[in-house]
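Have your viewer open and your selection tool ready. We will take a short walk together, one selection at a time.

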Amino acid sequence: MNELTLEICLSPELLHLYNLEGKTAVVVDVLRATSCIVAGLACGIASITPVASLEEARVLMAAGYIGAGEREGKQVEGFPLGNSPFSYMQPCLKGKKVVTTTTNGTQAIQRSLAASEIVIGAFLNLSAVATYLLQRSRSAVVICAGWRGKVNLEDTLLAGALAHKLENFFTWKDDSVLAAKALYAHMRADLHEHLKSSSHYQRLAHLGAQQDLHFCLEIDRFHVVPILANGEIILA
Ligand code: 3SL
């Protein structure tokens with residue numbers, strides 16, 4: 001059997017160093033894009049199409065999609081949804097198609113298209129993603145969305161949590177896996193407390209998104225695995 005490798009790309013700006021071909025890419029943007037996608041699909045949204053630009057999103061909105069737009073943490077004018085997981089969980093969205101564009105998360109997804117498969121990860125579906133990766137039995141790269149090219153603590157911690165769950169089954173050579181795993185081991189007892197001084201946590205706290213911060217750090221609330229298929233994210 002081929003050796004399965006796990007890699008962690010701490011920022012999309014480092015993606016040129018990784019070969020995604022033949023591998024599963026797990027895109028993570030804990031605060032908040034991938035948490036929204038996981039929560040929305042778990043609560044009944046039919047599909048979520050991630051696009052890089054506001055213009056692309058507006059085209060799909062004109063075709064009947066419900067638009068979610070976020071820039072700099074704020075809801076974009078003219079978009080019915082912002083980037084709070086609670087807005088994605090509204091019963092009125094059941095069965096609907098959503099298009100989303102965010103500052104970092106949807107960009108990271110678009111930049112990972114060279115992978116054989118793209119999986120959406122969050123703390124909300126941590127164990128489901130780990131189990132899925134084991135079942136797929138394919139080498140994987142966790143791609144942390146970060147913030148405008150910079151590394152984010154919350155995405156690194158989620159990558160470390162995945163590495164922790166997979167350590168008996170995958171091998172790794174990169175120090176990014178060791179570092180993420182060590183950080184997670186150090187902070188896992190109280191993720192929320194450790195993240196309070198981190199940059200994006202602070203940004204969202206200033207915007208009044210306390211409820212989202214608590215929600216996005218819940219572990220295993222949903223047992224779903226969103227994957228990208230033909231340009232839209234659906235449940236595996
Ligand atoms: O950058 C993103 O993709 C967003 O998740 C950022 S925010 O949490 O909505 O501010």
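The tour starts at the ligand and then moves on to the cysteines. Keep in mind that this is a predicted model.

**Stop 1: the ligand.** Select the ligand and look at where it is: the ligand sits in the largest cavity. Now show the residues around the ligand, 14 in number; Asp29, Asn83, Thr102, Asn104 and Gly105 come nearest. Colour that shell by class and you will find 4 nonpolar, 7 polar and 3 charged residues.

Stop 2: Pick Asp29 next, where an N or O atom of the side chain is 2.8 Å from an oxygen atom of the ligand. Then turn to the backbone of Leu31, which has a polar atom 3.2 Å from a ligand oxygen. Move along to Arg32: here a polar backbone atom lies 2.8 Å from an oxygen atom of the ligand.

**Stop 3: the cysteines.** How many disulfides does a search of the whole structure find? The count is 0. Select Cys36 together with Cys216, which holds the cysteine sulfur closest to that of Cys36. Finish at Cys92, which is in no disulfide either; its nearest cysteine sulfur belongs to Cys43, 12 Å away.

Technical notes: Residues numbered from 1 in each chain as written. Predicted model: local features only at pLDDT ≥ 70, side-chain atom pairs only at ≥ 80, totals over all residues. Heavy atoms only, no water. Disulfide = S-S within 2.5 Å. Near = heavy atom within 4 Å. Polar contact = N/O pair within 3.5 Å; in protein donor to acceptor, adjacent residues only side chain to side chain. 1 Å grid on protein atoms, 1.4 Å probe; cavity = no way out; pocket = protein on both sides within 12 Å on 5 of 7 lines; lining within 4 Å. Sits in = over half its atoms within 2 Å of the grid points. Nonpolar A, V, L, I, M, F, W, Y, C, P; charged D, E, K, R; others polar.
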